[in-house]
Amino acid sequence: MLPKSIHPSLEPQTKTLHNKPTLTSSITSLLKPLSSPQIPRSWIFFTVLFIQILLLCNLRMFSSPIPSPLPAPIVHHSSQALDQCGSGKVFVYDLPQTFNYEILQNCDNLNPWGSRCNSLSNNGFGLNAAALAGIVPEDLLPAWHWTDQFVTEVIFHNRLLNHRCRVKEPESATAFYIPFYAGLAVGKYLWLNSTAEERDRHCDMMLRWVMDQPFFKRSNGWDHFITMGRITWDFRRSSERDWGSSCIYKPGLRNVTRLLIERNPWDYFDVGVPYPTGFHPRSKSDVTRWQNFVHERQRSALFCFAGAPRRAFRQDFRGILLSQCRDAGESCRTVNCTGTRCSNGTSAILETFLDSDFCLQPRGDSFTRRSIFDCMVAGSIPVFFWRRSAYLQYELFLPVEPGSYSVYIDRNAVKNGTVTVKNVLEKFTRERVRQMREKVIEYIPRLIYANTKDGLDDMKDAFDVAIEGVLKRFEEQEQPKFHKWK
């Protein structure tokens, strides 16, 4: 039986436990009975040992870090934003509206054959492609438009105005964007009997304005970039009688990076970007939905060709391909694009690409053609006959290994009858075709321009890839080994 002297200490101890005591009061209550000489030393030893263990456990609890008062998602978002702008920030020049918005307002007079107002509507994406109902999934129909192939200037300008890395103070920028609609401005003068002065007027006025800006003078244009919504050859007139304007040859554009739908592979400052297609997803889920749709599509034709012959050309290669396609019977499908039937895409083109394993892509009026991207967005495998049609054009946007997503056939072998397109394509196994198609589908996001202000979350579209590439090259230009001329 325990001595009575212990009871007074036990009563408050029990009461204290019910009231959730502090650590100090608990330890004090435990130590009181230990002062009694009636408790054996062994009990004292074990009791002290227990108290030490208790103290260690509580000290570990007290030493835990205090949670941050900021919610975790906000911290993550902030660090993500910093990472996204790690390569630099962009300042968009506020050009006089005569160089961009007034050109759009004059859409009725940009083309000698008719108005371009419909094709420039909806922020440059064009009218909704309602005729694609029944061809594309119903929930994706609003993401399809009849988009003109020469509207990258409008698309890039709108996206950059809302870009997460845009700054309004030029002092904090590492890149400077010139929102001049060069392609739209010169378009009406390309086919008329216009003078060289008329074709160069807008470019000359723009350069006088830009070259007077302090940050252009500071770098001599090395950290500036511009979108020119046509092929590079439309801006490379070397004499007054030649085609196009001479904008690229102007001294002010010598060091400016130029985004074009077809580049000169031997000009460092030309960067090739994808032609706009008709698919402009509103969200990341639109893209994945479309990727699944084209992946599961049952394709009945081995290959196809959408285009028109060039009868004015001697040994017209397109005519040869059309002839081989007719000879291939049901293995090949064609779409007649004589005149302007296929200028902004048609339902027949998309449906043909969706139904074919391969799509033939000879050169167009120049080495590239929009059809390359229409074909790939439909999950069809492109077949090239000129390396300059894609391999030397769009390195930022296409897989490094050309054979992983496309087929190259020597055009001379086709011309002289050594090979036929059908025989070459029939040699690919179904497994190899599947692998190539999957690679094409994987790269679809990098080939399209999203219809959003903020992009597609963590998915990069063609705009994102292009801006990332520009910022990276500006970063590389600052390295000691890079030589800049004045």
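Student: How many aromatic pairs does the count come to?

Tutor: The count comes to 27 aromatic pairs, where rings of Phe, Tyr and Trp (its six-membered ring) pair if their centres lie within 6.5 Å. This is a predicted model, in which local features need pLDDT of at least 70, side-chain atom pairs count only at pLDDT 80 or more, and totals for chains, interfaces and linings use all residues. Residues are numbered from 1 along each chain as its sequence is written, and side-chain values use heavy atoms, with hydrogens and water left out.

Student: Why is the pair of phenylalanine 279 and tryptophan 290 called tilted?

Tutor: Their ring centres are 5.5 Å apart and their planes stand at 40 degrees. Planes under 30 degrees apart count as stacked, over 60 as edge-to-face and the rest as tilted, so this pair is tilted. Phenylalanine 279 sits in the loop between strand E6 (270–272) and H10, and tryptophan 290 in helix H10, 11 residues apart.

Student: What makes H10 roughly antiparallel to H16?

Tutor: The axes of helix H10 (residues 284–296) and H16 cross at roughly 160 degrees and come within 10 Å. Angles over 145 degrees count as roughly antiparallel, under 35 as roughly parallel, 65 to 115 as roughly perpendicular and the rest as oblique, so H10 is roughly antiparallel to H16.

Student: Which residues meet where H10 touches H16?

Tutor: From H10 come Gln291, Val294 and His295; from H16, Arg437, Glu438, Ile441 and Glu442. By class the contact has 2 nonpolar, 2 polar and 3 charged residues. Ala, Val, Leu, Ile, Met, Phe, Trp, Tyr, Cys and Pro count as nonpolar, Asp, Glu, Lys and Arg as charged, and the others, Gly among them, as polar.

Student: How do you know that strand E7 pairs with strand E9?

Tutor: 3 bridges join E7 (residues 301–307) to E9 (residues 356–361), and the two run parallel. Two strands pair if DSSP finds at least two bridges between them, so E7 and E9 qualify. Cysteine 304 has cysteine 359 in E9 as its bridge partner.

Student: What makes E8 and E11 edge strands?

Tutor: Strand E8 (332–336) and strand E11 (407–408) each pair on one side only. The open sheet has 5 strands in the order E8-E7-E9-E10-E11, with parallel pairing.

Student: How many bridges join strand E1 to E2?

Tutor: 2 bridges join E1 (residues 90–92) to E2, which run parallel. Phenylalanine 91 stands opposite valine 167 in E2. These strands belong to an open sheet of 6, ordered E2-E1-E3-E4-E5-E6, with parallel pairing.

Definitions and conventions:
Helix = DSSP H or I, 4+ residues; strand = E, 2+ residues; numbered from the N terminus. Axes fitted to C-alpha atoms, helices over the stretch in contact; angles between N-to-C directions. Contact = heavy atoms within 4.5 Å.
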